Amino acid sequence: MIKLRYICLAAAATLIVTLSSCSSTPTAENPSAPVASPPATEAVSNNSHSGHSSKEKININTAILSELDKFEGKLGVPALSNKIQANRPYGSPEDLVTKKVITQEQFDQIKDQVGVQEVVLTGEAKDVDYMSKLGLMKGHLLVARELLDQNQPKQAEPHIGHPVEEIYVDVEDQLNERKVKEFKTTLVSLQDLVKSSPKDSKVKTSFTSSVQAVDGAIAALPEAQRSKPGFTLQVINELLDSANSEYRAAIADGKITAPIEYQDSRGFVFYANELYKGISSQVAQADPEAHKAIDTSFAELIKVWPAAIPPAKAVKTPNDVTKLVKTIEENSQKVVDKSNTQAQR
Amino acid sequence: MPNNFALGNGKPWSRRQLLQLGLAGAGVTGAAGLWQMLNLQSKSTVKVPPLNIEAPDDATNPMKMLRDFDYGTVKQENGRTIREFQLTAGTSIIKLNSAVSYNIWDLNGRIPGPTLRAKQGDRIRVLFLNNAGHSHSLHFHGVHPAEMDGVRPISNGSATIYEFDAEPYGVHLYHCHIEPVTRHIAKGLYGMFIIDPPTPRPPADEIVLVMGGYDVNDDSHNDYYAFNGLPHYYMHHPIGIYKDQLIRLYVLNIIEYDPAVTFHLHANFFDVYRYGMTMTPSEKADVITMGVAERHILEFAFRYPGKYMFHPHQDAIAENGCMGQFEVLAEKNSQNPVKHS
Ligand SMILES: [Cu+2]
């Protein structure tokens with residue numbers, strides 16, 4: 001699967017954590033003595049490493065395929081990137097050997113570049129992550145609006161709740177740094193309103209301010225970046241990946257038994273499609289074949305969610321949806337790779 | 001993620017240091033390994049009827065879950081035992097009865113998630129990968145720093161590492177802590193977490209029973225209930241135990257939406273070890289009240305062969321699936337497999 005997997009980043013923003021470059025005095029414990037109560041704060045008490053300079057490592061738990069390709073190239077093992085992804089998660093770099101992904105000899109050649117720690121995302125990867133999180137919020141709100149418009153506040157409520165319950169904390173720390181005003185309060189008051197007095201005329205204005213807040217956070221990324229296909233495609237695939245899992249969680253025996261997950265996936269796919277429209281002509285120019293594949297797949301994909309209120313029978317099986325998502329991912333990767341090589345020139 | 005500060009900064013041993021100590025890659029060694037072996041050995045002095053495990057290929061397999069403990073991968077790092085567990089959240093479909101299929105979130109492809117087991121003082125390391133669409137997390141009961149409390153959402157496709165010490169000993173649990181927590185738990189993201197005392201408990205036939213509820217139409221009201229994932233399963237497939245054998249039940253109530261249920265055992269009384277946090281029982285009972293997330297060790301032996309039901313005494317809950325029975329077998333040395341009808 002081509003995806004960006006990040007081990008939570010936000011709170012680590014001030015620390016670059018890498019394992020083997022930091023050494024400190026080991027805390028001796030006698031293993032034969034009963035360890036009654038080891039210091040509970042040990043986990044966080046050794047915070048003295050911030051001065052260490054740490055070499056850039058590739059996080060094998062989170063890296064995208066194109067990053068893992070560096071190992072594939074160096075070791076000359078075909079399809080190694082996919083193999084590394086398929087064997088996640090890793091507790092330590094050595095797990096590459098214990099999980100038989102590569103041999104000890106191969107590991108020795110790359111061990112200096114392998115990490116399992118969360119690293120502070122920088123540059124484009126950080127922006128992709130930020131934009132993807134906001135994109136998920138957009139998807140939730142998109143489907144919430146549809147349901148509010150159809151006078152279904154009860155059904156809309158979870159989709160108004162999800163941005164703040166599941167996602168906000170992941171962008172929170174970045175808002176300051178990107179000079180975006182906090183908007184948790186806005187989201188929470190909308191949620192309160194929809195829960196307690198869904199008929200209130202204030203719902204509309206409150207909803208509008210929530211959407212504007214998310215849009216404002218997205219606008220913190222430069223327009224030039226957001227219109228770059230190589231960037232936006234990565235965001236699109238993050239959204240589709242979540243949509244794919246949610247859709248799978250919605251269908252049982254060909255029926256949509258979990259409307260919430262159906263609606264989540266609808267929101268993510270529709271917003272991803274909207275994003276693609278913004279860059280499609282550029283993609284068509286850069287790689288007509290990839291564009292055709294992506295465009296056709298999106299057209300097929302959209303049909304899976306005919307309305308915000310789920311149909312009695314699922315239009316496509318989860319496996320069919322996965323196939324379409326994969327097709328988009330694979331073709332996107334070609335475009336992303338191309339734009340990366342161009343950027344390096 | 002603050003969680004990982006622990007790994008980066010609280011894990012002060014480099015690969016090289018480990019190699020010097022000759023411990024790198026060590027498997028089951030040292031005190032913890034011995035304890036685990038004792039656990040397994042003491043099991044062998046205990047009479048457990050052979051099981052005919054039907055293996056449905058979905059996320060439910062209550063017969064297998066009864067006595068299935070995940071001890072993790074034991075690593076020695078600088079004289080310290082690290083018990084490493086891997087938990088991956090995914091999505092799957094289970095059949096609650098012949099007519100009703102239900103989408104759950106599973107952990108390692110099962111509901112409830114694996115019963116994790118460690119010894120007090122072990123360092124626990126949990127690698128958590130979320131492949132289940134929504135953001136999820138793992139919150140462990142026990143004593144640990146705030147950074148390890150597992151309330152922070154881990155987004156779809158992401159992994160994180162929780163690391164903390166196993167303390168105090170007792171029967172604990174872990175579960176997802178993303179809002180609405182009721183829904184995230186009721187859809188399957190929970191499991192039992194046993195921390196054994198420094199001095200092992202006496203040998204017994206150890207059995208895990210987790211009571212759960214299913215709200216199939218998202219109306220914050222349970223429609224079905226189950227022991228170990230499947231409604232009525234142990235009614236149709238009684239749990240075989242031997243007469244006069246000490247049974248140690250690890251019971252957890254993780255039924256959301258109903259404030260409390262009881263656990264009642266027919267034709268017997270059990271010793272109660274509240275939260276499994278003592279070595280001496282506090283009381284004897286045949287019904288014990290358990291609020292959500294309460295869990296206890298209950299010990300008993302049956303004097304007479306036969307079938308004996310167990311269930312919450314909220315009979316509506318029992319009738320909707322939270323019901324099972326023990327089949328007490330007379331022949332302690334019998335090699336005949338238990339017949340399941
Ligand atoms: Cu969850």
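Predicted model: local features only at pLDDT ≥ 70, side-chain atom pairs only at ≥ 80, totals over all residues.
**Exercise 1. How many helices and strands does chain B have?**

Residues are numbered from 1 along each chain as its sequence is written, chains are lettered from A and ligands numbered from 1 in the order in which they are written, and side-chain values use heavy atoms, with hydrogens and water left out.

*Solution.* Step 1: take helices (H or I, at least four residues) and strands (E, at least two) as DSSP runs, numbered from the N terminus. Step 2: chain B then shows 7 helices and 21 strands. Step 3: turn to burial, where buried means under 20% relative accessible area, exposed over 50% and partly exposed in between (1.4 Å probe, protein chains only). Of the 341 residues of chain B, 64% are buried.

**Exercise 2. Find the partners of strand 14 of chain B, and say which way its residues point.**

*Solution.* Step 1: strands pair if DSSP finds at least two bridges between them. Step 2: strand 11 (residues 205-214) of chain B runs parallel to strand 14 of chain B, with 7 bridges; here Leu209(B) has Val251(B) as its bridge partner. Step 3: strand 19 (residues 295-300) of chain B pairs with strand 14 of chain B in the antiparallel sense through 6 bridges, and Leu252(B) stands opposite Arg295(B). Step 4: Ile247(B), Leu249(B), Val251(B) and Asn253(B) point one way, while Arg248(B), Tyr250(B) and Leu252(B) point the other way. In strand 14 (residues 247-253) of chain B, 7 of 7 residues are buried.

**Exercise 3. Trace the open sheet of chain B from edge to edge.**

*Solution.* Step 1: the sheet has 5 strands in the order 1-5-10-9-7, with mixed pairing. Step 2: its edges are strand 1 (69-70) and strand 7 (139-140) of chain B, each pairing on one side only. Step 3: inside the order, strand 9 (residues 170-175) and strand 10 (residues 190-196) of chain B run antiparallel and share 6 bridges. Leu173(B) faces Met192(B) there.

**Exercise 4. Which residues touch the most other members of the largest nonpolar core?**

*Solution.* Step 1: a nonpolar core is a set of buried Ala, Val, Leu, Ile, Met, Phe, Trp, Tyr and Cys residues joined through side-chain atoms within 4.5 Å. Step 2: among its 65 residues, the answer is Phe183(A), Leu233(A), Ile236(A), Leu240(A) and Leu301(A). Step 3: helix 6 of chain A gives the largest share, 10 residues. Step 4: look at Leu233(A). Leaving out residues up to four places away in sequence, Leu233(A) is in contact (heavy atoms within 4.5 Å) with residues including Tyr276(A), Ile294(A) and Ser332(A).

**Exercise 5. Where is Thr62(A), and is Thr62(A) buried or exposed?**

*Solution.* Step 1: Thr62(A) sits in the loop between strand 1 (58-59) and helix 2 (65-75) of chain A. Step 2: Thr62(A) counts as buried because its relative accessible area is 9%.
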